[in-house]
Amino acid sequence: MTGYLGGMLVILSLNIILAYAVFLPVATGQLNLGGAAFQAVGAYTAGILSAEYDAPVIVSLFAGAAVSGVISFVLALSILRTKGVYLVLATFAFAQFVSGVIINVDLLGGALGMNVPDHIDGPIIAVAAVVILLLVMLLMQARFGLAMRAIHDDDVVAGLMGIEVRITRVAAFTIGGVLAGIAGGLYAFYFNFIEVQSFDSLSSVYLLLFVLLGGTQTVWGPLVGAAFFTVVPELFRYVVAHLPVGHAASTGQLDTSWRFIILGAITVLMMVWRPEGVVTRTGLGRLLHRRVEKQA
Amino acid sequence: MSAVPDIALSLRHVSKSFFGLQVVTDVSFDVLRGQRTALIGPNGAGKTTVFNLVSGAFGVDQGEILLDGTNIAPLSPGKRATMGLARSFQNIRLMPHLSVVENVMVGQHARTRGLMDLLTPLWLPRNRVWREEAEAQLRAFGLETYPNEVTANLPYGIRKKIEVVRALMSHPKVLLLDEPAAGLNTRETAELKDFLLDVAERGVTLLVVEHDMSLVRSLCDHTVVLNFGRKIYDGPTAEVQNDPGVLEAYLGPRHDAA
Ligand SMILES: Nc1ncnc2c1ncn2[C@@H]1O[C@H](COP(=O)(O)OP(=O)(O)O)[C@@H](O)[C@H]1O
Ligand SMILES: [Mg+2]
């Protein structure tokens, strides 16, 4: 699996892992606008351990996940007291902080980026995405997942029912951090080069969009969102390149900007059309119900 | 040997104010174990606030709340739930995106123990009892038609009943119901009464806020009346409508008494 499709599959797999990293806190009602920063923590931790200290790839990957998880945990303990827009701002501020650190620390390569010689292949990343997808599904089918969704809907009542609201939120945020850290490490070893721009705030915005537009009520939402936002821009790249709008289309610059204009328009339309995301519980229920009727 | 009354829940000199507005003032009363007690009073008397203080949604300013003799006032709402306290809400507060049976299963949360209960999928054999129990309880309430429906789409009367079922799922010792019959029709109210009598029969102590006085009379032997945050009556339900203080609270001061 090499070439264009292989590369697409890797991006799709990474985006799926990242979408679930952001989904877990969002499913408890906590918007995370710092997803890419946790990915950066995982990528740089794994990269440094591998490139500078010759640690094995698997050790570096797990270390990246662990460091991102610990930072998420500490951050969650302090900022999950805040709510709504303040939490969004806090995660955003954290992301800016991480970018600042990367740019200013020489060991991390600064603005020039950093080479990571050890390599892992695409199929491993695809397998990781599938395993993570399955684990998140199992978690959401456990009482922990039920508690997360209950907190999302009404945290006061959830607390009155004996659900540990704060612990559940911190745990969901931390697991999300671990997943983002894994995605970061995988990214570093696949592309063999990391730089601060790969984990900028626009990436964090996109991750949150995957999740919100895919839908936060079911475990399928992030999958649909990540797939949509990975595949559709590529389709547009293809379509725009073949449009008869003159040679400018093939110069690359116009190509990219057109893709994002169309993507932005689709985003706005989807927000109007399905404010609760593409995959909703009622929608899914209707779909399954119809299928049952057909069988009968 | 004098018979010591078996007190399940006791409020001792409980007070609460919001932004300087005194809403509950020095309220004390006992709820006897196995008894069905009504908490009534005009709108704004502080009944729902008393429930919020007992269940822990708000902290008290002053006073103690004893559950089986333990002061629960400093404890978290969740801890109170695990100690055997459950409630329903005047304004229905079901989780809108959860299905009926999932809502009811949230009510079981206070009975979960340890990480295995929390982290293993609910469809595993060891966990199936949770859903089966929830579905059985829904059946007992005639609600088996809707287990997988999202609650946001259901009619008011049905959601009201689901709330009562959810509250029961923690297997509470003391159950607080805030206007459970509001919005129910006569037939549904009669069904609710039978169901609550059945619940009480199984040993659950009931404290019920209710405006439907015929339901109160047929369900509760004991009544506490609040007015402007103060207790004005604490005695048999049968005599509450003859109490001059209660009449005055509901009907206003009588001219000949002035
Ligand atoms: N969270 C709150 N903040 C401010 N005031 C409140 C709050 N809860 C209740 N109150 C006030 O307390 C008074 C009693 O309300 P409540 O306990 O709901 O009365 P009841 O249930 O007897 O109708 C009302 O005046 C109400 O406005
Ligand atoms: Mg009330």
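Me: Helices (H or I, at least four residues) and strands (E, at least two) are DSSP runs, numbered from the N terminus. Which helix gives the most to the shell around ligand 1?
Reply: Helix H1 of chain B, residues 47–55, with 3 residues. This is a predicted model: local features need pLDDT of at least 70, side-chain atom pairs count only at pLDDT 80 or more, and totals for chains, interfaces and linings use all residues, while side-chain values use heavy atoms, leaving out hydrogens and water. Residues are numbered from 1 along each chain as its sequence is written, with chains lettered from A and ligands numbered from 1 in the order written.

Me: Which residues are around ligand 1?
Reply: Among them are B:Phe18, B:Pro42, B:Lys47 and B:Phe58. Near means a heavy atom within 4 Å.

Me: Switching topic. How many residues of chain B are in contact with chain A?
Reply: 33, against 25 residues of chain A. Contact means heavy atoms within 4.5 Å.

Me: What area is buried there?
Reply: About 2500 Å², 65% of it from carbon and sulfur atoms. That is accessible area (1.4 Å probe) that two parts lose on being put together, summed over both.

Me: Which chain B residues lose the most?
Reply: B:Met95, B:His97 and B:His109, together 25% of what that side buries.
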